[in-house]
Amino acid sequence: MWMKLIYPKWPKLPEQTEFHLPPHGPINFAANVPPDVELTFHDENRVELDLEDRPDVVALSVMLTCATPRAKEIAAAYRARGIPVIAGGIAVAIHKEEMAAACDAVFLGEVEGHFDEMLDDLRRKQLKKTYDRMSQLPDIAAVKTARRDILDYDLYTYRGVRMVDLVHASRGCRFNCPPCSVAYLGGRCFRPRPVEAVVREVESIDNGRLFFVDNSLAQSKEWELELFRALKPLKRKWISHPIEADDEVLQAAYEAGAWYVYQAITQPSDGIRKRIQMYRDHGIGIEGTIILGADDQTKDDVIRLVEFCLEMDLDMAEFTVMTPFLHTPYRAQVESEGRVLHNNWSDYTTGKVVFQPRHMTPTELQDLYYWAWDRFYGADGRQTKMARLFRKVVLRERAEGVQVLADGTLRGWVKPN
Ligand code: SF4
């Protein structure tokens, strides 16, 4: 059976430098596809799709809400020619009814240990419409090393430099922030993978630079210390979401290769000022992730927040506008107040205002969003700041005697058996 695994394209934020990371969802899914299935992978963000071929089945891996319209178009094209289409991924779980209507079958939830039933039904041509495993989270120890062999790494470079490889050490999150759907997807619980499984997976990646895509590492001090101590001998450098603001943890993170973190900054405060300083004191860079247009922000608050990012001299910053994604606490609130402007999912990119903000007009928020990018990056430009952050990691690798070759491969890396 030939399964054509497709990662549908989505509209990029024009303000951001366009670069493409090797995807994570599809390679995790691929690890659960048995070897007798011939699997090919097609990232539409990087290559044009051939919609005229005849695979036995098309599998759509859909991560973002703004990719769902394109996913439905692809499904329609194949189904019109009698080719079955199945779909899974975060955005499929979030948009389950409309994705189920557009495909032959949808898989909801985490795939480990659960895909065989769908595959058996597919082979017997008896697919059910929905395979809902959202309330049956698999044993986290069942998560396998992702199948990076399906990726064409030539597609994931920027100016000739290989992009980071994505990997995860945990799933879920114990928090429930208003704009986030992680609690809906994972039941508001933190599930760390066995540290030895993470180490095995990292060892299997030839890239010297990684991105731990876990929602937030700041979930358990003991776990972070155990993880970082285990990662240290592997000599990788890595990016992650927040790390515990604790000197012992941050020192262990730095020694384990922490390069920079994505840190949410919601308002100028002594707490966030201290946290940023702590990262910096431990040699860890900061890319601020800043959502503009929250209900407690006036126009002046947005301006103050952007000025605060400049004052803190963040290495990088990513500005987005508040967006009421389905199955988030924030969506429930703005919906009940009649403040959702529309559900054109292609516009749910976090770069377009799709709701009525509380203290300004949608146009004012949209203009503030453009202003924030211009103000922060100014004459320097985003690429200059990116280059500085990149230089930091190169200098550190050199100082530590770690060599990353031009193709991103870690020198001395030995393929595990
Ligand atoms: S925003 Fe981050 S910390 Fe908050 S619930 Fe979502 S994943 Fe957890």
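With which residue does E110 form a salt bridge, and how far apart are the closest N and O atoms? The legends below take up this pair and other views of the structure.

The model is predicted: local features need pLDDT of at least 70, side-chain atom pairs count only at pLDDT 80 or more, and totals for chains, interfaces and linings use all residues. Residues are numbered from 1 along each chain as its sequence is written, and side-chain values use heavy atoms, with hydrogens and water left out.

**Figure 1. The salt bridge of E110 and R171.** E110 forms a salt bridge with R171, and their closest N and O atoms are 2.8 Å apart. A salt bridge is here a side-chain nitrogen of Lys or Arg within 4 Å of a carboxyl oxygen of Asp or Glu. By this rule the count comes to 37 salt bridges, and 3 are found across the interface of domain 1 and domain 2.

**Figure 2. The interface of domain 1 and domain 2.** The domain assignment, from an automatic or database source, gives domain 1 (2-135) and domain 2 (141-398). Their C-alpha centres lie 25 Å apart. The contact (heavy atoms within 4.5 Å) takes 37 residues from domain 1 and 43 residues from domain 2. About 3600 Å² is buried between the domains, 65% of it from carbon and sulfur atoms; buried area is the accessible area (1.4 Å probe) that two parts lose on being put together, summed over both. In domain 1, E15, P22 and I27 lose the most area to domain 2, together 17% of what that side buries.

Figure 3. Because D53 lies in the loop between strand 2 and strand 3 (57-61) and K4 in strand 1 (residues 2-7), the pair ties together parts that are 49 residues apart in sequence. Helices (H or I, at least four residues) and strands (E, at least two) are DSSP runs, numbered from the N terminus.

**Figure 4. The surroundings of T350.** T350 is found in the loop between helix 12 (329-336) and helix 13 (362-377). Not counting residues up to four places away in sequence, T350 touches L13, T320, V321, T323, F325 and Y369.
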